[in-house]
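Please keep the structure open while you read.

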Amino acid sequence: MINVVKIGGNVIDDPAALQAFLKNFAAIEGEKILVHGGGKEATRMSKDMGIEATMIEGRRVTDARTLDIVTMVYAGLINKRIVAMLQKLGCDAVGLTGADGNVIPATRRPATPIDYGFVGDIDASNVNSDFIASLLKEGRVPVFCAICHDGNGQLLNCNADTIASSVALGASRIGETRLTYCFEKPGVMTDVNDETSVIPLVTAESFARLKEEGVVAAGMIPKLQNALKSAAEGVAEVRICRAEDLLDEGKGTKIKETV
């Protein structure tokens with residue numbers, strides 16, 4: 001089983017929580033891949049530079065200056081910090097963008113109906129599974145940030161949840177794959193202030209209802225959209241859980257296309 005794990009949310013910003021998560025991630029046996037976000041760090045740096053972040057349904061509008069910032073933060077600061085921490089834990093990590101090895105090509109999103117700027121969309125069938133397989137065969141642990149490229153020299157900001165879904169679908173062409181989305185909450189909840197309100201299972205049908213009712217919103221929307229896409233197109237297991245529950249498969253919210 002290939003384990004693809006995405007980490008984001010407040011865990012990235014909390015050194016102790018990140019260290020604890022990476023210790024658990026390093027303990028996963030067999031082949032594994034890590035995908036990380038870092039949006040809050042990017043928003044903080046943007047603010048320090050006098051640039052106000054604009055988010056639409058959990059997705060960042062990325063002009064040229066913002067692209068420079070997210071590239072520095074995602075591909076540089078956060079990615080290399082995580083790689084160094086994993087190396088300390090005996091996990092032979094390799095930090096990557098989608099441009100490295102042409103592993104995740106993307107296309108710039110059309111400007112209509114919303115102009116997101118330098119934001120990329122990914123066709124998972126274009127993920128370079130052979131490159132990923134070669135790293136895994138060597139015992140390397142790929143660590144992907146959310147920066148991709150269009151093949152014509154242009155970097156693009158991509159949603160980290162989409163990266164995770166696309167990488168998991170690419171990995172599923174190599175072998176059976178499990179995708180786990182980790183963040184600071186215990187799963188998908190009916191009440192974000194009540195940690196006992198975790199929804200044990202989300203399907204395409206229940207997601208549409210939860211979105212319409214406003215139970216899921218903002219960054220949870222692309223997370224669930226990508227989780228459902230993964231489950232529908234060949235990833236064996238998909239789960240959303242709290243970072244500290246990574247090794248406890250009984251916790252969190254499982255994602256399936258249908259019951």
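Predicted model: local features only at pLDDT ≥ 70, side-chain atom pairs only at ≥ 80, totals over all residues.

1. The lining of the second largest pocket draws at least two residues from each of strand E11 (177-183), helix H7 (220-233), strand E13 (237-242) and strand E14 (253-255). Helices here are DSSP runs of H or I with at least four residues, strands are runs of E with at least two, and both are numbered from the N terminus. E13 gives the largest share of this lining, three residues. A pocket was found on a 1 Å grid over the protein atoms alone, as an open set of points where a 1.4 Å probe fits, with protein on both sides within 12 Å along at least five of seven lines; a lining residue has an atom within 4 Å of a point.

2. Residues are numbered from 1 along each chain as its sequence is written, and side-chain values use heavy atoms, with hydrogens and water left out.

3. Back to the second largest pocket: its volume is about 240 Å³, where a volume is the space filled by probe spheres set on grid points joined across faces, edges and corners. It has 14 lining residues, and Ala236, Glu237, Val238, Lys254 and Lys256 are those nearest its centre. The lining splits into seven nonpolar and seven charged residues, with no polar ones. In this count Ala, Val, Leu, Ile, Met, Phe, Trp, Tyr, Cys and Pro are nonpolar, Asp, Glu, Lys and Arg are charged, and the others, Gly among them, are polar.

4. The largest pocket holds about 1,100 Å³ of space. It is lined by 48 residues, with Gly58, Asn159, Asp161, Gly219 and Pro222 closest to its centre. By class, 21 of the lining residues are nonpolar, 14 polar and 13 charged. H7 provides the largest share, five residues.

5. The largest nonpolar core has 78 residues, and Phe21, Leu34, Phe144 and Ile163 have the most contacts inside it. Its largest share, eleven residues, comes from helix H3 (residues 64-88). Such a core is a set of buried Ala, Val, Leu, Ile, Met, Phe, Trp, Tyr and Cys residues joined through side-chain atoms within 4.5 Å. Buried means under 20% relative accessible area, exposed over 50% and partly exposed in between, with a 1.4 Å probe and protein chains only. Setting aside neighbours within four places in sequence, Phe144 has contacts (heavy atoms within 4.5 Å) with residues including Ile33, Leu34, Asn79, Ile132 and Ile163.

6. Helix H4 (residues 129-137) deserves a look down its axis. Ser129, Ile132, Leu135 and Leu136 are buried. After H4 comes Gly139, with a positive phi near 85 degrees.

7. Leu135, in H4, has a relative accessible area of 11% and, beyond neighbours within four places in sequence, contacts Leu96, Arg140 and Pro142. Thr162, in H5, is buried at 15%; with the same exclusion of neighbours within four places, its contacts are Arg59, Ile122 and Asn226.

8. Finally, some backbone geometry to check. Thr112 and Pro113 are joined by a cis peptide bond, with omega about 5 degrees. Pro113 sits in the loop between strand E6 (107-108) and E7. Asn102 has a positive phi, near 50 degrees, in a residue other than glycine. Asn102 lies in the loop between E5 and E6 and is partly exposed, at 40% relative accessible area.
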